[in-house]
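Trainee: I'm new to this one and would like a close look at a single part. Could you walk me through one spot slowly, and then show me how the rest fits around it?

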Amino acid sequence: CAKRLFSCHCLLPLPRSLVRVMAAAATLETAAPRGALWGLVQDFVMGQQEGSADQVAADVKSGSYTVLQVVEALGSSLENPEPRTRARGIQLLSQVLLQCHSLLLEKEVIHLILFYENRLKDHHLVIPSVLQGLRALSLCVALPPGLAVSVLKAIFQEVHVQSLPQVDRHTVYNIITNFMRTREEELKGLGADFTFGFIQVMDGEKDPRNLLVAFQIVHDLISRDYSLATGPFVEELFEVTSCYFPIDFTPPPNDPHGIQREDLILSLRAVLASTPRFAEFLLPLLIEKVDSEILSAKLDSLQTLNACCSGYGQKELKDFLPSLWSSIRREVFQTASERVETEGLAALHSLTACLSRSVLRADAEDLLDSFLSSILQDCRHHVCEPDMKLVWPSAKLLQAAAGASARAFDHITSNILPLLLEQFHKHSQSNQRRTILEMILGFLKLQQKWSYEDKDQRPLSGFKDQLCSLVFMALIDPSTQLQLVGIRTLTVLGAQPDLLSSGDLELAVGHLYRLSFVEEDSQSCRMAALEAAGALATLYPVAFSSHLVPKLAEELRIGESDLTRGDGPTKCSRHLRCMQALSAVSTHPSLVKETLPLLLQHLWQVNKGNMVAQSSEVIAVCQSLQQVAEKCQQDLESCWYFHQTAIPCLLALAVQASMPASQDYSLPEDRLKTAAAVARVSPRIMMTEPTHLSAPRLAAQSVARIVPLFLDGNVSFLPENSFPSRFQPFQDGPSGQRRLVALLMAFVCSLPRNVEIPQLNQLMRELLELSCCHGCSFSSSAAAKCFAGLLNKHPAGQQLDEFLQLAVDKVEAGLGSEPYRSQAFTLLLWVTKALVLRYHPLSSCLTAQLMGLLSDPELGPAAADGFSLLMSDCTDVLTRAAHAEVRIMFRQRFFTDNVPALVQGFHAAPQDVKPNYLKGLSHVLNRLPKPVLLPELPTLLSLLLEALSCPDCVVQLSTLSCLQPLLLEAPQVMSLHVDTLVTKFLNLSSSPSMAVRIAALQCMHALTRLPTPVLLPYKPQVIRALAKPLDDKKRLVRKEAVSARGEWFLLGSPGS
């Protein structure tokens, strides 16, 4: 049958190679039964059953048939005079090859390639199926050498690609891509013919899906050197790609392919910037587009120019530099778009960098100098204009060029800096001086990018005296804004080596000292001075130790004397600022050794009652110590000194304040919490830097002292430890000593898990006893938190089980005894949280016990609030920062395990208890990640709506906070309850609680995201109801009401 010939107008003859293949297949003795295969072929070709192709491919892969047998079965179809029948036959063969190409042998591939190349001359209806077959063969590992070139030549010669549908054009691009990936050397042998052939294929392409592939092919042609460097088709290749520049593409709505305009822009930009040989054609195009009126074209052109500069040299840019500079200058001077200005400055930076790195011949012109001279010539006269209208655009241009290289910086700075110094002295107004000083500051920052071996080579060295004088003038100016710029400039000057002499440093320290005590209306200036002092103290510790610390020490001593006499709040304010300055400059180990004793000594004076100190005085000292502790994190030497000096002193002060003889000066709760914050920071300092090998040893040394202090009263390591009585915080005694358990909690609960705590068994038992002690809720709560923090980190084992059993027994006994119920409940809550975070099996039992307390008349409301604690993050204990064991997704697990029981308990509870269940459920849902909540929303929404009717403001606020994001993320579900939502939100907008009113109005605003047809019936009612909160007495409520009512007004209007 293969030898039958048809007339040329209806069918091309089968090639002899395929005839031989079919004959070989016909003679196979072990061929599978032909009936089934023949039936599948007929079903596909004549019966139009698409699934038959997959079945044939599956049978070939399983070994039931061979590809040769499939070819034999297709014989009549491939010779059929009807083009559609031939197309279906080839389509079946191509689909089988796409799935089975890895099974083909080299000889089979040769015959199939020759067959498909022959069929490229067939009827146009056959071509798509032929291309699919060639795509399959292009993936074959067994493809013999030379056939890739043969296939591409046949496609280039026989197929008019741009007349094909998009899918078939995409197939051609895929064939080329496959061959470029696997047969690169063969294709390079085609030379310029390959480039020219692809240009013909791509010319006129419009579909973005195909363009992305085509741009990648062009990029590979260039980057892999497919004879482009010496080929004659550079301009043609540029024309066929640059015609798409700039990209103007808006993706259709709901585009399944997800191709964005930015994807095409980046892909085309990679092509245009891939070779310097495009420069003579590309740069005029970029200049033309930058000068156009289209914003997107300007941006794209400037960004493309920026990308091109990385591969260009002076040769490519030489003829276009004046035009490029003119276009960039105009965009920066005249543009109304900040983005265009930014991209223009980036392009100028790249141009200058490109010119700076080009290697020049001895006789070549240095384009960098001439280019920078043009920039200076066009910008410097704007700096000298009296009105200073274009001074900032000029400064930005100059700094963009100067920041490109050290050569450019030297050239521009040496010319512009004398002019700026002259203009500063020429202008007398503070705002003009501030502008000029900010320009100078910009150039000073640029010098930090470059390193100079010889300090005399630094461009700013010749101006250092003038710069220092100018900065000091700014620091004494009455204008706060000019002072702020002066402080920033001083900081940058100090960061430059050898720009500040010893005399300049002394003057600078004096100015910073003065600015640290300015009045309240210059708060920003004072804070900037403190920040600058800290930065410069790191670089010049000797200067600050000699000129600043003694002044602050004297100020502190005078302040202590004034406070002893009770000289009013002004002295106290200077006193507090002095301590802030001491902590600010504690950035170097040598300074820490001077400032820390001063702060501790002052704290001792306050504790001894030698001065009339306010509560804020102690808090200020402790806050300053905390700031010093945080600064010590960067240096091991400072860490050691702080812990050896400050921690014992703080503990000694706290112990002394807790003694019965010192009750007049005992620490109130707010001071104790501040001291606890310092103690909590200190263990973290030990482990801040993992390379500090001695940090674990320091932690172990500290805990070995602190635990015996609280358990045994061992005060031997404390300074001035002659206390009037023993320190026994866990014994029945003064409540002040018990309250110091907060310090113990802050320290031991922040230790890493690998630090062993001495006397742990005794410590846990003492904490357990204190947690249920009647009399001081603060100390019992601190003990419960400390017990829970240690429990969370304790490794699994017998000792942990014993501690848990002790805790459970203590909770059960306490809940059954009236005086201790509140303390036992607090212990239950913290132990439950400790176990929930680490997924301990006992957590479910304790959570169930907590749910049972929701029905308790006395503890029910507190138990409901307890669910908020279980789901939220703490700040002092049980945090990852404190090395607690916090498992991922513990909230999701808690929700899955316990919310069904909460819902069931709500339905079974008496009416007076239901609010407790609603509050607990609201707390859980409010802190749950919304993706977890959305699938459960239909079943839980009715309970959330009922929670809005609960009189408890906490429940209302929590529920509103939960519902607001759901209105935005699940509008379809929420729209089913729109009537209830509108009614309840409007009612809550008149709540006595301001927070509830704000949240309700925010929910009313979010309601407008629901489908408009659902909301329109409620529009008049809502607009009338929202008129009332417009007159609310609170501004924040009125603000939300205006926003919500405006959205409801626009509901249903065109364009909304």
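Mentor: Let's start with Gln759, which sits in the loop between α38 (741-748) and α39 (760-771). Helices here are DSSP runs of H or I with at least four residues, strands are runs of E with at least two, and both are numbered from the N terminus. Before we go on, keep in mind that this is a predicted model, where local features need pLDDT of at least 70 and side-chain atom pairs count only at pLDDT 80 or more, while totals for chains, interfaces and linings use all residues. Residues are numbered from 1 along each chain as its sequence is written, and side-chain values use heavy atoms, with hydrogens and water left out.

Back to Gln759: its phi is positive, about 55°, although the residue is not a glycine. Gln759 is partly exposed, because its relative accessible area is 30%; buried means under 20%, exposed means over 50%, and partly exposed is in between, using a 1.4 Å probe and protein chains only.

Tyr839 is another non-glycine residue with a positive phi, near 60°. You'll find Tyr839 in the loop between α42 (821-837) and α43 (842-852). For another loop feature, go to Pro246, between α14 (234-242) and α15 (261-272). Phe245 and Pro246 are joined by a cis peptide bond, with omega about -10°.

Now for a residue inside a helix: Arg997 belongs to α52 (residues 994-1007). Arg997 counts as buried because its relative accessibility is 7%. Its side chain reaches the backbone oxygen of Ser991 at 2.9 Å; a polar contact is a pair of N or O atoms within 3.5 Å, and within protein one must be able to donate a hydrogen and the other to accept it, with residues adjacent in sequence counting only if both atoms are side-chain atoms. Leaving out residues up to four places away in sequence, Arg997 touches several others, including Leu988, Pro992, Asp1032 and Val1037. Contact means heavy atoms within 4.5 Å.

Helix α27 (residues 502-515) gives you a length check: its 14 residues should span 20 Å at 1.5 Å a residue, and its end C-alpha atoms are 20 Å apart, which agrees. The expected span is 1.5 Å times one less than the number of residues. Among the buried residues of α27 are Asp504, Leu505, His511 and Tyr513.

Finally, zoom out. The protein chain has 55 helices and 0 strands, and 55% of its 1056 residues count as buried.
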